[in-house]
Amino acid sequence: MNYEERDTYGMYKGNLVGGSGVVVQQGPGPELMGADTLMGNDVYNLKDEDLGDIKEIMLDMRTGRVSYAVLSFGGFLGMGEKLFAVPWSALTLDTQNKRFTLNVDKEHLESAPGFDQNSWPNMADPSWEKGIHDYYGTKPYTGDVIV
C-alpha cells in the first residue's frame with residue numbers, strides 16, 4: 001500500500017492535470033507529507049530490488065526533525081523480520097512509483113546493524129547515531145536544537 005492509498009483525508013488527491021498536461025499542485029505533497037501515510041510504504045534500491053517497508057518514523061523531539069525510518073526486511077508474515085534504523089536523509093521519495101528508494105545493495109542492508117522488535121537500540125546515544133550514519137554514508141543533523 002502506498003501513500004496515496006493511505007490518504008484518508010484526501011490531502012494528495014488535489015493535484016489536477018491542466019489542459020496541456022501540466023499538473024497543478026493543490027494541497028501538500030510531495031514536499032510536505034503526513035507521517036501516517038508514509039508508514040507501510042515500500043523501499044526499493046536503485047536495482048529495483050525490494051528492501052522492505054517502513055514500519056515507523058522516528059522524530060527527534062529536540063529539533064522536530066525526522067531522524068530515522070525504521071525499515072523491516074526479511075522474515076515471513078512478521079516472523080523473523082529484522083528491523084533497521086535508516087537515516088531519513090538516506091531515503092528518497094520516488095513519486096513516480098509511489099515508494100522510497102535507498103541507495104544500498106541488498107547484501108549491504110542484510111549486514112547492516114539491525115535489531116528485533118523486542119530489543120530496540122538507544123537511538124539517542126551519540127555513538128549509536130554515529131555508527132548508523134557512518135554505515136549509510138550520511139551525516140546527522142547538527143546545531144539546530146530547538147528548546
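Strands here are DSSP runs of E with at least two residues, helices are runs of H or I with at least four, and both are numbered from the N terminus. Before going on, the basis: this is a predicted model, in which local features need pLDDT of at least 70 and side-chain atom pairs count only at pLDDT 80 or more, while totals for chains, interfaces and linings use all residues. Residues are numbered from 1 along each chain as its sequence is written, and side-chain values use heavy atoms, with hydrogens and water left out.

T63 counts as buried because its relative accessibility is 13%. Buried means under 20% relative accessible area, exposed means over 50%, and partly exposed is in between, with a 1.4 Å probe and protein chains only. A polar atom of the T63 side chain lies 3.2 Å from the backbone nitrogen of R65.

D60 belongs to strand β4, residues 50-60. D60 also counts as buried, because its relative accessibility is 13%. Setting aside residues up to four places away in sequence, D60 touches R65 and S67; contact means heavy atoms within 4.5 Å.

Now the sheet. β4 and β5 pair in the antiparallel sense, over seven bridges; two strands pair if DSSP finds at least two bridges between them. The open sheet has six strands in the order β6-β5-β4-β3-β8-β7, and the pairing is mixed. β6 and β7, the latter residues 91-94, each have a single partner strand, so one side of each is left without a neighbour in the sheet. From one strand to the next, the twist averages 40°. Angles are taken between N-to-C directions and run from 0 to 180 degrees, with axes fitted as lines to C-alpha atoms, for helices over the stretch in contact.

Helix α3 lies across β5, β6 and β8, and runs at about 85° to β6. Which residues of α3 are buried? They are W128, I132, H133 and Y136. These cover an arc of only 130° around the axis, so they are on the same side of α3; the arc is that of the directions from the helix axis to the C-beta atoms. P126, S127 and K130, on the other side of α3, are exposed. The cover over the buried residues includes β5, β6, β8 and α2, residues 106-110. Just after α3, G137 takes a positive phi of about 70°.

The largest nonpolar core has 27 residues, of which V43, V86, L102, L109 and Y136 touch the most other members. Such a core is a set of buried Ala, Val, Leu, Ile, Met, Phe, Trp, Tyr and Cys residues joined through side-chain atoms within 4.5 Å. At least two residues each come from β4, β5, β6, β8 and α3, and β5 gives the most, with five. Leaving aside neighbours within four places in sequence, L109 is in contact with L51, L71, F73, F84, V104 and Y136.

Last, G40, in the loop between α1 and β3. G40 counts as buried because its relative accessibility is 15%. G40 and D53 are 13 residues apart in sequence, and 5.5 Å apart in space, C-alpha to C-alpha.

Key
A polar contact is a pair of N or O atoms within 3.5 Å; within protein, one must be able to donate a hydrogen and the other to accept it, and residues adjacent in sequence count only if both atoms are side-chain atoms.
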